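Subject: Structure for your pocket work

Hello,

Here is the structure I promised to pass on. My notes on what turned up in it follow below.

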Amino acid sequence: MRTQLHEDRHDAYLRDLLQRAGLRATRQRLGLAQLIFGQGERHLTAEGLYSEALEAGLRVSQTTVYNTLHQFTEAGLLRQILADPRRIFFDTNVHPHHHFLDEDTGQMADIPADDVRVAQLPSPPAGTSIEGVDVIVRVRRAAAS
């Protein structure tokens with residue numbers, strides 16, 4: 001059970017997190033930050049976060065949710081994962097790692113970076129350097145035989 005002291009400390013932590021990232025701790029950002037970071041490491045979509053916000057009684061628009069997710073990403077608080085042209089996930093784990101994507105459920109799960117080995121990368125285009133490699137392993141439930 002959460003106590004008022006625990007909630008006050010968590011609110012102070014979120015305010016500090018946003019301020020250190022160069023973002024004003026507005027009521028809407030704090031409310032969304034609570035939903036995003038209050039459940040540990042997770043993967044979420046803008047649509048899913050918007051639904052959570054409505055269920056939690058936050059008065060935010062879809063545009064505010066999208067803008068906040070992108071602001072948090074630009075500030076280094078989230079990592080954006082383009083699963084396919086229709087789905088963009090936001091990950092609270094910003095450290096290097098890879099993902100399983102369940103094609104049946106749409107759920108994403110982490111794969112530790114050391115569990116994936118890329119044997120050879122192509123040379124990058126002239127004037128660029130490789131910043132990182134993101135691997136998405138797509139899975140589907142095996143058909144019953």
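The lining of the largest cavity has 3 nonpolar, 2 polar and 2 charged residues. Classes are as follows: Ala, Val, Leu, Ile, Met, Phe, Trp, Tyr, Cys and Pro are nonpolar, Asp, Glu, Lys and Arg are charged, and the others, Gly among them, are polar. This is a predicted model, so local features need pLDDT of at least 70 and side-chain atom pairs count only at pLDDT 80 or more, while totals for chains, interfaces and linings use all residues. Residues are numbered from 1 along each chain as its sequence is written, and side-chain values use heavy atoms, with hydrogens and water left out.

**Cavity**

The structure holds 1 cavity of 30 Å³ or more. The largest cavity has about 40 Å³ of space. Arg 79, Gln 80, Ile 81, His 99, Asp 134, Val 135 and Ile 136 line it. Strand 2 (residues 79-84) gives the most to that lining, with 3 residues.

On terms: the search runs on a 1 Å grid over the protein atoms alone; a cavity is a set of points where a 1.4 Å probe fits but cannot get out, a pocket is an open set with protein on both sides within 12 Å along at least five of seven lines, and lining residues have an atom within 4 Å of a point. Grid points are joined across faces, edges and corners, and a volume is the space filled by probe spheres set on the points. Helices (H or I, at least four residues) and strands (E, at least two) are DSSP runs, numbered from the N terminus.

The largest pocket has a volume of about 250 Å³. It has 14 lining residues, and Arg 79, Glu 131, Gly 132, Val 133 and Asp 134 are the closest to its centre. Its lining splits into 6 nonpolar, 4 polar and 4 charged residues.

The second largest pocket holds about 190 Å³. Its lining residues include Tyr 13, Phe 37, Glu 41, Leu 77 and His 95. By class, that lining has 5 nonpolar, 5 polar and 1 charged.

**Fold and cores**

The protein chain has 4 helices and 6 strands. Their order from the N terminus is α-α-β-α-α-β-β-β-β-β. Of its 145 residues, 32% are buried (under 20% relative accessible area; exposed is over 50%, partly exposed in between; 1.4 Å probe, protein chains only).

A nonpolar core is a set of buried Ala, Val, Leu, Ile, Met, Phe, Trp, Tyr and Cys residues joined through side-chain atoms within 4.5 Å. The largest has 21 residues, of which Ile 36, Phe 37, Leu 49, Leu 69 and Phe 72 touch the most other members. Helix 1 (4-20), helix 2, helix 3 and helix 4 each give two or more residues to this core. Helix 2 gives the most, with 6 residues. A second, separate core has 5 residues, including Ile 81, Phe 89, Leu 101 and Met 108.

Phe 72 is in contact (heavy atoms within 4.5 Å) with residues including Leu 18, Leu 23, Ile 36 and Phe 37, not counting residues up to four places away in sequence.

**Helix 3**

Ala 46, Leu 49 and Ala 53 are buried in helix 3 (residues 46-55). They sit on the same side of helix 3, because they cover an arc of only 65° around the axis (directions from the helix axis to the C-beta atoms). Their cover includes helix 2 (27-37), strand 1 (43-44) and helix 4 (62-74). Gly 57 follows helix 3, with a positive phi near 85°.

Best wishes
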